Amino acid sequence: MVKHIVLFKLKDEASAAEKSEAMNNFKEAIEALPAKIPTIRKIEVGLNMNPAETWSIALYSEFDTLDDVKSYAVHPDHVAAGKLIAHVKESRACVDYEI
């Protein structure tokens, strides 16, 4: 099994309302993906509630193989979900590891 963990930092200059709307839309879209992408074993999106921290969004997901992760990454519905935060995203960090 491969765990895929992604963190997103949002732009400081984006308004709180803009960030909140983008984050909630992203969460909804990502958590709807298992119905469209059968290789997703588990997926969840956490929205940071601690304003003292740097990262705003945490995405946690599980797949059988790294090839499944790669297929998910280019799936049109996943790409569309990513576009929901593109205008407020500053940076992204990712780790994929096998257990």
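**Figure 1. The overall fold follows the pattern β-α-β-β-α-α-β along the sequence.** The model is predicted. Three helices and four strands make up the protein. The C-alpha trace spans about 35 × 25 × 20 Å along its principal axes. The radius of gyration is 13 Å, which agrees with the value near 13 Å for a compact globule of 99 residues. Among contacts between residues at least 6 apart in sequence, 72% join residues at least 24 apart. Of the 99 residues, 31% count as buried. The exposed surface comes to about 5,800 Å². Carbon and sulfur atoms supply 53% of that surface.

**Figure 2. The largest nonpolar core has 22 residues.** Phe-26, Ile-30, Ile-57, Leu-59 and Tyr-72 have the most contacts inside this core. At least two core residues come from each of S1, H1, S2, S3 and H2. In soluble globular proteins, nonpolar side chains tend to be buried together.

**Figure 3. Close-up of Tyr-72 and the residues it touches.** Tyr-72 is one of the core residues with the most contacts. Leaving aside residues up to four places away in sequence, Tyr-72 touches His-4, Ile-30, Leu-33, Ile-37, Ile-40, Ile-43, Leu-59, Phe-63 and His-78. Two of these, Ile-30 and Leu-59, are also listed among the core residues with the most contacts. Pro-38 and Tyr-72 lie 34 residues apart in sequence, with their C-alpha atoms 9.3 Å apart in space. Pro-38 sits in the loop between helix H1 (16-31) and strand S2 (40-47). Pro-38 is exposed, at 65% relative accessible area.

**Figure 4. Lys-9 and Glu-90 meet in a salt bridge.** The N to O distance between the two side chains is 3.3 Å. Lys-9 lies in strand S1 (residues 2-10) and Glu-90 in strand S4, so the pair ties together parts that are 81 residues apart in sequence. Glu-90 is partly exposed, with a relative accessible area of 42%. This bridge is one of three found in a search of the whole structure. Side chains of opposite charge can pair when their charged atoms come close.

**Figure 5. Asp-64 forms a salt bridge with Arg-41.** The closest N and O atoms are 2.9 Å apart. The pair links distant parts of the chain, 23 residues apart. Asp-64 is in the loop between strand S3 (57-63) and helix H2 (66-74). Arg-41 is in strand S2. Both partners count as partly exposed: Asp-64 at 38% relative accessibility, Arg-41 at 46%.

Figure 6. Glu-31 is partly exposed, with a relative accessible area of 33%. Lys-27 also counts as partly exposed, at 24% relative accessibility.

**Figure 7. Met-1, Val-95, Tyr-97 and Ile-99 make a nonpolar surface patch.** The patch covers about 370 Å². Ile-99 belongs to the segment after strand S4 (89-98). At 58% relative accessibility, Ile-99 counts as exposed.

Definitions and conventions:
Residues numbered from 1 in each chain as written. Predicted model: local features only at pLDDT ≥ 70, side-chain atom pairs only at ≥ 80, totals over all residues. Heavy atoms only, no water. Buried < 20%, exposed > 50% of the residue type's maximum accessible area, 1.4 Å probe, protein only. Patch = residues over 30% accessible without salt bridge, like charges linked within 9 Å, V, L, I, M, F, W, Y side chains within 5 Å. Areas by Shrake-Rupley, 256 points an atom, 1.4 Å probe, with all protein chains shown as cover. Salt bridge = Lys/Arg side-chain N within 4 Å of Asp/Glu carboxyl O. Core = buried A, V, L, I, M, F, W, Y, C linked by side-chain atoms within 4.5 Å. Contact = heavy atoms within 4.5 Å. Rg over C-alpha atoms; globule rule 2.2 N^0.38 Å.
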